[in-house]
Amino acid sequence: MQLIFATHNKNKLKEVKSLVPDSIQLLSLDDINFDTEIEETAETIEGNALLKAKTIYEKTGINCFADDSGLLVDALNGAPGVYSARYAGEQKNNEDNMQKLLYELQNHANRNAHFKTVMALILDGKEYLFEGKIEGKIITEKLGTNGFGYDPIFIPDGYNETFAQLDSETKNTISHRARALQKMLEFLVTSSVLRTPPSKEE
């Protein structure tokens with residue numbers, strides 16, 4: 001099946017491509033020459049994911065999905081949350097975002113946080129939402145060079161390394177995005193979309 005992933009983000013695309021089966025022909029926004037910026041104007045992570053998916057489905061008529069993610073920090077009452085990508089401003093700079101978060105947390109003993117991803121799937125005009133979460137904590141300095149976003153300052157529960165220190169295979173297995181994607185793929189399988197048709201001999 002052909003499925004558009006509504007993103008220009010090459011890091012996200014690489015992460016998702018490593019997880020989807022060969023039965024899915026995954027297309028990005030670059031593949032369909034869609035270069036218009038989709039404004040993330042919703043007030044929730046779910047709303048932004050759905051907004052992006054609906055925009056692309058209405059434009060192309062092709063089944064598609066979009067994701068939106070956020071880092072929710074307990075001591076900051078869930079901030080940066082839906083504003084994670086632009087926490088330090090509309091320039092959406094990862095370094096600026098991390099520095100602002102570390103500054104906001106400098107006097108807090110509670111470093112607990114979780115990443116949350118919501119994937120919005122538009123399949124034959126119907127809308128479906130799938131959520132993935134991973135708990136962890138924010139450390140006081142950046143460690144690691146892999147990943148993107150807040151990965152260098154987030155250590156997932158059960159691990160001693162940040163997302164940016166873990167190898168991509170490990171991260172792609174446990175991440176919030178991987179968990180949301182797995183739920184979506186399981187749905188596609190159980191709804192017969194990805195099932196292999198029986199051979200003529202059967």
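Helix H3 buries Asn-97, Met-98, Leu-101 and Leu-102. Buried means under 20% relative accessible area, with exposed over 50% and partly exposed in between (1.4 Å probe, protein chains only). Helices (H or I, at least four residues) and strands (E, at least two) are DSSP runs, numbered from the N terminus. An α-helix has 3.6 residues a turn, so residues three or four places apart point the same way.

This is a predicted model: local features need pLDDT of at least 70, side-chain atom pairs count only at pLDDT 80 or more, and totals for chains, interfaces and linings use all residues. Residues are numbered from 1 along each chain as its sequence is written, and side-chain values use heavy atoms, leaving out hydrogens and water.

What do the buried residues of H3 pack against? They pack against E3 and E5; contact here means heavy atoms within 4.5 Å.

Now the core. The largest nonpolar core has 20 residues. Such a core is a set of buried Ala, Val, Leu, Ile, Met, Phe, Trp, Tyr and Cys residues joined through side-chain atoms within 4.5 Å. Leu-71, Val-73, Leu-101, Ile-138, Tyr-150, Ile-153 and Phe-154 have the most contacts inside it. Two or more residues come from each of strand E3 (64-73), helix H3 (94-104), strand E4 (112-123), strand E5 (126-138) and strand E6 (154-156). H3 gives the most, with three residues. Apart from this core lies another, of 18 residues, among them Ala-6, Leu-29, Leu-50 and Ile-122.

Aromatic rings come next. The structure holds six aromatic pairs. Rings of Phe, Tyr and Trp (its six-membered ring) pair if their centres lie within 6.5 Å; planes under 30 degrees apart count as stacked, over 60 as edge-to-face and the rest as tilted. Phe-5 and Phe-65 have ring centres 4.6 Å apart and planes at 10 degrees, so this pair is stacked. Phe-5 lies in strand E1 (residues 2-5) and Phe-65 in strand E3, so the pair ties together parts 60 residues apart in sequence. Both Phe-5 and Phe-65 are buried. For Phe-154 and Phe-163, the centres are 5.3 Å apart and the planes at 45 degrees, so that pair is tilted. Phe-115, Phe-154 and Phe-163 form one aromatic cluster.
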